[in-house]
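I opened the model today to look up a few contacts. My notes follow in the order I took them.

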2 protein chains.
Amino acid sequence: MQNTINIPSLIYLDNAASTPILDEVIQEMIPYLKEQYGNPSSLHKLGFNAMSGIERARKSVSMLIGAKPKEIIFTSGGTEADNLAIKGAALYMKEKNKEKNHIIVSSIEHDAVLEVCKDLEARDFKVTYLPVTKEALVEPVTLESAITERTGLISIMLSNNEVGTIQPIHEHAKIAHDKSRDIIFHTDAVQAIGKIPIDVRVLGVDLLSMSSHKINGPKGVGALYIRNGITIGPLIHGGGQESFLRAGTENTYGIVGFGKACEIASRTLTKYCSEVLELREYLIDRVLTEIAHSILNGTRDNRNPGNTHFSFLGVKGEDLIIKLDEHGIEASTGSACSMHQHKRSHVLKQMGLTYGQIEGSLRLTLGLQNTREEIDHVISSLSHIVEELRSFSQFKL
Amino acid sequence: MQNTINIPSLIYLDNAASTPILDEVIQEMIPYLKEQYGNPSSLHKLGFNAMSGIERARKSVSMLIGAKPKEIIFTSGGTEADNLAIKGAALYMKEKNKEKNHIIVSSIEHDAVLEVCKDLEARDFKVTYLPVTKEALVEPVTLESAITERTGLISIMLSNNEVGTIQPIHEHAKIAHDKSRDIIFHTDAVQAIGKIPIDVRVLGVDLLSMSSHKINGPKGVGALYIRNGITIGPLIHGGGQESFLRAGTENTYGIVGFGKACEIASRTLTKYCSEVLELREYLIDRVLTEIAHSILNGTRDNRNPGNTHFSFLGVKGEDLIIKLDEHGIEASTGSACSMHQHKRSHVLKQMGLTYGQIEGSLRLTLGLQNTREEIDHVISSLSHIVEELRSFSQFKL
């Protein structure tokens, strides 16, 4: 596998939390950090150069998902894209039609969707949180039955950030747009872009959120795809940047880096889908056969190529990741963004996992920079650590 | 003057729109673009390293304005900081007390404040836009008379982005907090930090907005100072980052760069205040004496050291900046962020400038990298360009 990334002597298996920036991406960013410092709105050479970098990036981002450049709005990241999609669509639809105050989301969305919904519930919106199967799947029939005449917005994530389940978004979007329903369909594709083939026309979504730092691009930048013809309101007001939908001087070098990361992702998608998937299967096989009382959470087939998520009974996930870190292996129990809350994963709870399964969870997420040798090393360390931790907790089954 | 900045062979006099990133700042950012790519929320070495970079930056930012580190919330820029301040305070105050729905702002605020106010007016808020003097000053007596029992928030910018007028914010804040009034006072200090001495305790403000790319730091990052004891709501919901006030994976390298820029600004503030001021006075003197029918807009004394703003009667500002650009001089007519609207400056209108004065306006904003030789060159080019443009327009007085 390619290894053009600057990594320290660590085995990094937390690629769903963030990814190393590719050298090629950094090289693309450097001129915009140095010479091309103009404000993209300025009417002089430095301004024009900055704006032309942004427009080139917009094209690369749009091509990764089969959209048109003008359908891409740059944001400060995936969370802001989700906020803009949900609030921008919900507030705008209610302004047009006071009756339209019902939102449907899955109960396993990222907090960037769920917390916005909670905020909207305090502002006269009704939100339905759809249950999922034990494999974290939102069944189309569940969605269909939740729709009412007041429903104006549906949001279901493309690939879950914890267990990697890929939803049948095409079917969900079809239901949303069925029977001349006036419903906007949003999908949080932060974990999916660059990892599974995406064509917004085929998916049939109206809004789609993206993040740069999940696909070996820089942090602090993301984008929202807004299908031509769909109108939403802005979240951040001010200057007229991004077609009046996102005010504030553009993060030029971040956007340029994101564009480059998308260009590379378009090129390496096939490689990712085969090589990372193969590595994932190798990792899953070895864990399940070599570590007793280990469980793979989620579905095996319908899963993000880079995602694995296990439960090791009789072990605490937090202890696991601390021990792994001591062994130079960077991992996670689940969503990095949830660490501040010190709460148990709402995703695993919704999937109906037992207390012991949730407690003992470990997420290992792969990227193109990972190798089979790394996985061999991880398996060896992980086996010892699990055994050691179980001996402390006097684990018996 | 120091010149450690990578600039092309251009004379850059648009420092109020954006500034070149200092080499020292880029060097500080590089490790976070390369090796330190962890998600700051991750519970492993790479996560901790990223978080520790952010906390170091928080300290540097706080020191520039005399705040405590925990009073600093990082945002994606000055515009988002303004949005967070105004919406976060307004919505929170109205939630606590439905009667508190009155906001006072100056009529010469940046669009990042004015456009948020327009949005809030559509959501049952009343907004008073304070008039200014011909020097763009908000007189304290004008503010005092606008306050009602329903006023919950006041926002007046510290230094105007177009004409550089510095407001008596200390007096304004005192009025806001007088008579046990329950009013939050915000100031947009985007154009002021690093350019005039600021101590939030002396100013007496509750909220203060900052931007990195206006002080030789990277784009895509800013901060809001929130005085200890003041509560506002978030604008972007999701993970628990930034004390639950700003969700989304942190732009680590941007934040680290902003911190470094603040550290340097703290060190060079005295130099800035004397050297840039001297250069500004030199520029103003030469323009006013050597170019006929030129006017300095705003006040001469009470002005941002780096700001000049002129009107050249009989000339169109847009033509001026295009011609200057051809001569390798980067300038502006006013706010870069307003370029999308193609509207006449609301600041100049509020100051009571004539149509001809607004039409013929040119903003030249200086930084520590500019030299007297550059100004000499600018005066020579500007004189010729103004003369040439006037000959086309058959300008007569």
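**Entry 1: between the chains**

I began with salt bridges across the interface of chain B and chain A, and the rule finds four of them. This is a predicted model, and I read every value below with that in mind. I picked out the pair B:Glu95 and A:Arg123, which form a salt bridge. Their closest N and O atoms are 3.9 Å apart. The cut-off is 4 Å, so this pair counts as a salt bridge.

Next I looked up the extent of the interface. Chain B gives 73 residues to the contact, and chain A gives 73 residues. Between them the two chains bury about 6,000 Å². Of that area, 60% is on carbon and sulfur atoms.

**Entry 2: salt bridges in the whole structure**

I then took the count over all chains: the structure holds 57 salt bridges. I noted one inside chain A, where the side chains of A:Arg58 and A:Glu242 meet at 2.8 Å, N to O. A:Arg58 lies in helix H2 of chain A and A:Glu242 in helix H8 (residues 241–244) of chain A, so the pair ties together parts that are 184 residues apart in sequence.

**Entry 3: H2 and H9 in chain A**

I stayed with helix H2 of chain A (residues 45–64) and checked how its axis runs against that of helix H9 of chain A (residues 252–290). The axes come within 8 Å and cross at roughly 30°. H2(A) and H9(A) are therefore roughly parallel to each other. H2(A) passes H9(A) in a left-handed crossing.

I listed the residues that meet. From H2(A) they include A:Ala50, A:Gly53, A:Ile54 and A:Ala57. From H9(A) they include A:Ile255, A:Phe258, A:Gly259 and A:Cys262. By class, the residues of this contact of H2(A) with H9(A) are 10 nonpolar, five polar and one charged.

**Entry 4: H1 and H9 in chain B**

Last, I turned to chain B. Helix H1 of chain B (residues 23–33) and helix H9 of chain B (residues 252–290) have axes that come within 8 Å and cross at roughly 155°. Angles over 145 degrees count as roughly antiparallel, and H1(B) and H9(B) are therefore roughly antiparallel to each other. Their crossing is right-handed.

On the H1(B) side, the contact residues include B:Glu24, B:Val25, B:Glu28 and B:Met29. On the H9(B) side, B:Tyr253, B:Val256, B:Lys260 and B:Arg267 are among them. I sorted the contact of H1(B) with H9(B) by class: eight nonpolar, three polar and four charged residues.

Key:
Residues numbered from 1 in each chain as written. Chains lettered and ligands numbered in written order. Predicted model: local features only at pLDDT ≥ 70, side-chain atom pairs only at ≥ 80, totals over all residues. Heavy atoms only, no water. Axes fitted to C-alpha atoms, helices over the stretch in contact; angles between N-to-C directions. Helix = DSSP H or I, 4+ residues; strand = E, 2+ residues; numbered from the N terminus. Parallel < 35°, antiparallel > 145°, perpendicular 65-115°, else oblique. Left-handed = near helix turned anticlockwise from the far one by under 90°. Contact = heavy atoms within 4.5 Å. Nonpolar A, V, L, I, M, F, W, Y, C, P; charged D, E, K, R; others polar. Buried area = accessible area lost by both parts, 1.4 Å probe.
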